[in-house]
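The exercises below each set a task and then work through a solution step by step. Please keep the sequence and the structure in view while reading.

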Amino acid sequence: MKLKRALLLAIVAIAAVLAGCEPLTVLNPKGPQAEVQANDIMMSIWLMSGIVIVVFAMLAYMLIKFRSSKQGKDYEPPHIEGNKWVEAVCVGIPVLIVAYLSFVSVQSNYKVEATPPGYEDKEPLVVYASSSNWKWHFSYPEEDIETVNYLYIPTDRALEFKLYSFGPITSFWIPQLGGQKYAMADMVTTLHLAADHPGEFMGRNANFSGKGFAENTFDVTAMSPVEFEEWVDEVHQTADPITEDKFEELLEPGHLGKMTFTGTHLDFSPAPEGHEHHQSNDEDSEENHENHDEHEGHSDHSSH
Amino acid sequence: MEFFERFAIPHPSPAIYASMVAIAIVSIAIVVGITYFKKWGYLWREWLTTVDHKRLGIMYIIAAILMLFRGGADAIMMRAQLSAPENKLLDAQHYNEIFTTHGVVMILFMAMPFIIGFMNFVVPLQIGARDVAFPRLNALSFWLFFAGAMLFNISFVIGGSPDAGWTSYFPLADNEFSTSVGTNYYMIAIQIAGLGTLATGINFMTTILKMRAPGMTLMKMPMFTWSALITNVIIVFAFPVLTVALAMGTLDRLFGTHFFASTNGGMDMLWANLFWVWGHPEVYILILPAFGIYSEVISTFARRNLYGYKSMVASMVIISLLSFVVWVHHFFTMGQGAFVNSIFSITTMAIAVPTGVKIFNWLLTLYKGKITMTTPMLYSMLFIPLFTLGGVTGVMLGMSAADYQYHNTMFLVAHFHMVIIPGVVFAMLAALYYYWPKMFGFMLNDRLGKIGAWIIAIGTLVAFMPMFISGLDGQARRMYTYSEASGFGIWNMISMVGALMLAAGFALIVYNIYYSFRYAPRDIGSDPWDARTLEWATHTPVPEYNFATMPKIDSYETFWDSKKKGTPLFPDKIEKIHMPNNSGIPFIMGIIFFMWGFSFVFAMWIPLIICTLGIFACMAYQSFENDHGRYISIEEIEETEKELGGKR
C-alpha cells in the first residue's frame with residue numbers, strides 16, 4: 001500500500017534523526033547549557049514521536065476499517081454530533097502534554113539564562129563578542145586582549161558573553177556549547193555558556209546579515225586553565241596593541257582571517273550597554289545602572 | 001541616460017537577461033494573441049470590469065498558480081545551489097535575492113490569493129448570498145493585490161530584487177546595508193497588496209455576518225465559512241500593523257527617518273516586533289481556511305457529518321485569539337530573558353491543544369464513515385500525517401530554551417515547510433480538485449490527480465525531512481554555500497531530489513488541467529461529489545445570481561438533508577433579482593496603483609504626485625457615481641434556469 005510506504009518513509013526519516021550515523025552537532029553537547037538543550041530536544045522528540053504514532057495509527061485504522069469498499073452497498077453512515085467524553089480526552093491529553101512541556105520549558109529557560117550549576121565558585125569570564133560585516137571581534141577586558149574570528153576559552157570558568165553588533169542583527173552561536181543569542185547595534189545581550197572539556201568547536205553567526213553571511217564563522221578552542229593563562233601571557237608578549245585607526249579598518253565590510261591584539265576596542269569604542277535589556281535574572285543590573293547615566297540622551301526601553 | 005541608469009539591475013546574470021527577453025516575448029505574444037482573436041472586448045466586459053465574486057475568485061486562483069510557479073522556480077534555484085558543497089551556480093547576492101522573493105511570493109502572492117480566491121468563489125455560495133457585501137470593493141481588492149504582485153515580480157528585471165529576507169529585518173533592510181531599490185519594492189508592493197487584503201477582510205466579515213440565507217444562524221454555517229469568518233477577523237486586526245510597519249520602513253528608506261535604524265534613537269527590534277505581530281496571525285490567516293477546506297472535503301468523502309462541529313468552531317476561535325499572543329517566539333533569542341520567554345513559550349505550545357482537537361475531530365469524522373478516496377480526499381488524508389510531523393516539531397520549537405538551538409537553522413525551515421505545504425498547499429490543491437467542477441463544469445482526472453498527490457506528498461517528505469537533520473547538525477538557514485567538511489552535502493542533495501519531485505508533481509497538475517480540459521465529459525450535473533453544503537445546490541455553471549430563490553436553512557447540512565429527507569430547499573417563488581453593475585474603476589485604479597508604486601520605488605516624485613491625484617480622482621468618481629445596480633427580470637431568470645436544467 002502506498003500510504004504505508006509514505007508512513008514508513010516518515011518513520012525512517014525520524015529514526016535517522018534519532019539514531020544518526022554520527023552524533024549531530026546540537027545533540028553532541030560539550031557544555032552544561034548545550035546539554036540542557038540537547039536533553040530537552042531528545043525528550044521532546046520521544047514525546048512527539050508518541051503523538052505521531054498515535055495519530056498515524058488512528059488514521060491507518062480509520063482508513064482501513066471504513067473504506068467504502070469494506071462497507072455494504074446500502075450502508076449509510078450515522079449522524080454523530082460529538083461526545084463530550086471523547087472530546088474531553090482529545091482536549092485533556094494534549095493539555096497534560098503541553099503542561100508537562102511548559103514545566104520543563106520554563107525550568108530550562110531559567111537554567112540557560114544563568115551561570116550553569118557547578119561553575120558558581122569562580123567569577124565568570126566576561127567576553128565581549130561584537131560582530132561587524134562579516135567578522136567577530138572578541139574582547140577580553142579582564143585579560144586585556146582582543147581577537148578576531150577566534151575564541152580561546154578556559155574550561156574551569158563559566159563564560160558570560162556580552163553580545164552586540166556594528167551593523168545588522170547577527171546571532172552568536174556555538175552549537176556544542178549552547179544555543180544562540182542576537183547581537184544588536186543598540187543594546188548588549190548576555191549569553192551564559194561554559195565548556196566542560198577541552199576541544200575545538202564551530203561558532204558562527206546564525207542570523208542572516210547580508211552578502212558575507214555564509215562565511216561569518218569563528219573557531220572556538222576550549223583549553224585547560226593553565227593553557228589559557230599561557231596563551232594570555234603569550235599574546236601580551238607577541239601581539240600588537242589595537243588602536244582606534246586599526247579597529248576602524250577592521251570594521252570595513254569584508255572577511256578577515258584570525259587576528260590577535262593586546263588591549264580592547266572597548267576603551268575607545270564602548271559597548272552600547274546603557275541600553276541593555278532588562279533580564280529577570282541579570283546579575284549585572286547594578287553595573288548597568290552605572291553605565292546607564294552616560295547614555296541618558298538616548299531613548300531607553302530598559303526599566304532600571 | 002542618467003535617468004535610466006536607476007532601472008539597471010545591480011547584479012546582472014545571463015539568467016536574468018534571459019528572463020527579461022522571455023517576459024517581453026510572452027507579453028507581446030499575449031497582446032498579439034488577444035488582438036488576433038478579437039478578445040479585447042470580451043476580456044474587458046467579462047473579466048477586467050467584473051464585480052462577480054466567482055470570476056474574481058477564479059482570477060485570484062489563476063494568479064496564485066502563476067505565482068506558485070514563480071516561487072517554485074526560486075525554490076529550485078535555491079535547492080540546486082545548495083545541492084552540493086561550495087557550489088558556484090549562484091553568488092551570495094543572487095541567492096539572497098532569490099530566497100527573499102521566494103518567501104514573499106509564496107506567502108503573500110501565492111498562498112494568500114489562493115485562499116482568498118476560494119473564499120471568493122465559495123463563501124457567498126455556501127451562505128446562499130448573491131454576491132459579497134461590497135462587490136466593487138471586492139474587485140478593487142483583487143486589482144490591488146494583482147498590482148502589488150506584478151510590481152514585486154518585475155523587481156528582478158528592473159532595479160533589483162529585495163535581498164534582506166522575507167522578514168526584512170532592520171537595519172539589514174536599511175539603505176546602509178541594502179543599497180539597491182529592492183527593499184523599496186518590498187515595502188511598496190506588499191503595502192499595495194496588503195491594502196487589498198485589508199479591504200477583503202472587511203468585505204467578507206460584513207458578507208458573512210450580514211448576508212446569510214434566512215435560517216442560517218452562525219452555528220449553522222458550513223465549516224469553511226466559519227474558517228473564512230475567523231480568518232477575516234484576523235485580517236482586519238493584523239493587517240493594519242503591517243500597513244504601519246511598512247509605512248515606517250518606507251519612511252526610513254526614502255525620507256530619512258530613523259524608526260528602525262540603529263542610530264539616532266531608532267530601534268531595530270521595533271521592526272521585528274511589528275513584523276511578527278502581523279506575521280504570526282498571518283500564519284493562521286493561511287492555515288484556518290485550509291482547515292475549513294479539509295473539514296468540507298473530509299466530511300463529504302467520509303459521507304458523514306463533521307464530528308464535533310461546536311468544538312471545531314471553538315478551537316478556531318481559540319486559535320485566532322492565541323495567534324495574537326505568541327509573536328515573540330519568532331525571536332526568543334533577542335535577549336528578553338527567561339520570564340518573557342517562558343510566557344511566550346507556554347502560549348505557543350498552548351496552540352497545539354486546539355489544533356490537536358481539530359486533528360482528532362477529522363479522524364473521528366472518518367469513524368463509521370464510508371470513505372471514498374478521491375483526489376481531494378487523498379490530499380486531506382496525506383495532510384493529516386504530514387501536518388502532524390510539522391505540527392509536533394512546532395511544539396518542539398516552542399520550547400524556548402531548546403529554540404536557542406533550532407532558531408535560524410534548517411530545522412526551523414523544515415518545520416514551517418512541513419506545516420505550510422501539507423497544511424496550506426495540500427488544502428488548496430484539494431480545493432482546486434474539489435471545486436473545479438463547480439468552477440468550470442468538468443472534473444479533473446482522478447487518476448492523474450492521485451498520482452500527482454502521491455508525488456507531491458513523497459516529494460515534500462524527501463525535500464524537507466533531511467532539513468530537520470542538517471538543522472540539528474548546525475546548518476544555518478539562508479547560507480548560500482557551505483564547506484564539504486560540514487557534512488551537510490548529503491542532506492541537501494536529498495532535498496534537491498525532493499524539490500524536483502515537487503516540481504514534477506506540480507507539472508503533472510498542469511498537465512491534468514490540459515488533459516481534462518480536452519477529454520473530460522461535460523455532463524457531470526451540479527453535484528458530482530454528492531456533497532453536503534449549499535454551494536452544490538445551485539447549477540453548474542453557476543448563474544451570475546447564484547440562486548434563483550433564497551434557500552431556507554435549518555441545519556449546517558441543509559442541502560444534504562434536502563437530498564436525504566426531501567425537505568424543500570427552495571420554497572420561494574422566483575422574483576426579480578437586484579445585481580451590481582460592472583465597473584472599470586477597480587481595474588483602472590489597479591493600473592494607477594501599479595504606476596504609483598513604481599514611481600515610489602524609484603523615488604520619482606512628479607509621477608508619484610500625478611498617480612496620487614489619479615487615485616483620488618478615481619475615488620471621487622466612484623463616490624459621486626449614481627449607480628444603483630440593475631434588476632434581472634423574472635423571465636430572464638426563468639429562461640436561465642430552464643437552460644441550466646430547471647429550478648432545483
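## Exercise 1: A residue in chain B

Met316(B) counts as buried, because 25 C-beta neighbours lie inside 10 Å of it. The model examined here and in the following exercises is a predicted one.

Task: Find the helix in which Met316(B) is found, and list the residues that it touches beyond those up to four places away in sequence.

Solution. Begin with the secondary structure, where Met316(B) is found in helix α10 of chain B. Next, leave aside the residues up to four places away in sequence, and the contacts of Met316(B) are Trp226(B), Ser227(B), Ile230(B) and Leu288(B).

## Exercise 2: Where the two chains meet

Task: State how many residues each chain brings to the contact, and describe how α2(A) and α13(B) are directed relative to each other.

Solution. Start with the totals, which are 83 residues from chain A and 82 residues from chain B. Several helices of chain B each supply at least two residues of its side, among them α5 (92-126), α9 (268-301), α13 (375-398) and α16 (446-472). Sorted by class, the side of chain B that touches chain A has 48 nonpolar, 26 polar and eight charged residues.

Then turn to one pair of helices across the contact. The axes of helix α2 (residues 32-65) of chain A and α13(B) come within 10 Å, and they cross at roughly 165°. α2(A) and α13(B) are therefore roughly antiparallel to each other, since angles over 145 degrees are counted in that way. The crossing of α2(A) and α13(B) is right-handed. Residues in α2(A) including Ile41(A), Met48(A), Val55(A) and Leu63(A) take part in this meeting, and on the side of α13(B) they include Met381(B), Pro385(B), Leu389(B) and Met396(B). The contact of α2(A) with α13(B) is made up of 15 nonpolar and two polar residues, with no charged residues.

## Exercise 3: A helix pair within chain B

Solution. First take the geometry, in which helix α19 (residues 585-601) and helix α20 (residues 605-624) of chain B pack at an angle of about 160°, their axes being 8 Å apart. Among the residues that make the contact are Ile585(B), Phe593(B) and Trp596(B) of α19(B), together with Leu608(B), Ile615(B) and Tyr621(B) of α20(B). Their contact divides into 14 nonpolar, four polar and no charged residues.

## Exercise 4: Strands of chain A

Task: Give the strand order of the open sheet of five strands in chain A, and name the helix that packs on this sheet.

Solution. Reading across the sheet, the order is β4-β10-β9-β6-β7, with mixed pairing. The edge strands, each of which pairs on one side only, are β4 (150-154) and β7 (178-183) of chain A. From one strand to the next, the twist averages 20°. Helix α4 (residues 225-238) of chain A packs on the sheet and touches β4 and β10 (217-223), its direction making about 135° with that of β4(A). Within the sheet, β6 (residues 170-174) and β9 (residues 199-205) of chain A run antiparallel and are joined by two bridges, and Trp173(A) stands opposite Arg204(A) in β9(A).

Key: Residues are numbered from 1 along each chain as its sequence is written. Chains are lettered from A and ligands numbered from 1 in the order in which they are written. This is a predicted model: local features need pLDDT of at least 70, side-chain atom pairs count only at pLDDT 80 or more; totals for chains, interfaces and linings use all residues. Two residues are in contact if their C-beta atoms, placed from the backbone, lie within 7 Å. Helices (H or I, at least four residues) and strands (E, at least two) are DSSP runs, numbered from the N terminus. Ala, Val, Leu, Ile, Met, Phe, Trp, Tyr, Cys and Pro count as nonpolar, Asp, Glu, Lys and Arg as charged, and the others, Gly among them, as polar. Axes are lines fitted to C-alpha atoms, for helices over the stretch in contact, and angles run from 0 to 180 degrees between N-to-C directions. Angles under 35 degrees count as roughly parallel, over 145 as roughly antiparallel, 65 to 115 as roughly perpendicular and the rest as oblique. A crossing is left-handed if the near helix is turned anticlockwise from the far one by less than a right angle, and right-handed if clockwise. A residue is buried if 20 or more other C-beta atoms lie within 10 Å of its own, exposed if 12 or fewer, and partly exposed in between; C-beta atoms are placed from the backbone. Two strands pair if DSSP finds at least two bridges between them.
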